[in-house]
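Hello,

Here is the structure I promised to pass on. Please open it first, then read my notes below.

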Amino acid sequence: MEYNIGDIVRTKKVHPCGSKLWEITRVGVDFKLKCQGCGHVITIERQKALKMITKKENNNIDNK
Ligand SMILES: [Zn+2]
């Protein structure tokens, strides 16, 4: 699957804030993901990110 900046993805792990949805803010060797619940940003190796992501949500969910 291909990922682009701005995509909303769902992950296996639930963030402590309760959200499973993340926005991709950077793609490359590392991915940057922004939690849609609390705004926390994580940087994660591409391979790990690909394993962690279970689903790409429709990225026209534009709730903010
Ligand atoms: Zn969060």
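First, a term you will need: a nonpolar core is a set of buried Ala, Val, Leu, Ile, Met, Phe, Trp, Tyr and Cys residues joined through C-beta atoms within 7 Å. Keep in mind that this is a predicted model.

The core

Seven residues form the largest nonpolar core. They are Val9, Trp22, Ile24, Phe31, Leu33, Ala49 and Ile53. Two elements, β2 (21–26) and β3 (30–35), each give two or more residues to this core.

The whole chain

The chain has five strands and one helix. Read from the N terminus, the order is β-β-β-β-α-β. The radius of gyration is 10 Å, close to the 11 Å that the globule rule gives for 64 residues, so the chain is as compact as a globular protein of that length. Along the principal axes, the C-alpha atoms fill a box of roughly 25 × 25 × 20 Å. Buried residues make up 14% of the 64 residues. Take the contacts with a separation of 6 or more: 30% of them join residues 24 or more positions apart.

Now go back to Val9, one of the core residues. Strand β1 covers residues 8–11 and pairs with β2 in the antiparallel sense, over three bridges.

After β5

Glu57 lies in the segment after β5. Is Glu57 buried or partly exposed? Glu57 counts as partly exposed, because it has 15 C-beta neighbours inside 10 Å, and a buried residue needs 20 or more. Leaving aside neighbours within four places in sequence, Glu57 is in contact with Ile8, Val9, Arg10 and Leu21. From Glu57 to Phe31, the distance is 17 Å, C-alpha to C-alpha. In sequence, these two are 26 residues apart.

Asn58 also lies in the segment after β5. Asn58 is exposed, because 8 other C-beta atoms lie within 10 Å, and the limit for exposed is 12 or fewer. Asn58 and Leu21 are 37 residues apart in sequence. In space they are 11 Å apart, C-alpha to C-alpha.

Best wishes

How values were computed:
Residues numbered from 1 in each chain as written. Predicted model: local features only at pLDDT ≥ 70, side-chain atom pairs only at ≥ 80, totals over all residues. Helix = DSSP H or I, 4+ residues; strand = E, 2+ residues; numbered from the N terminus. Pairing = 2+ DSSP bridges. Contact = placed C-beta atoms within 7 Å. Rg over C-alpha atoms; globule rule 2.2 N^0.38 Å.
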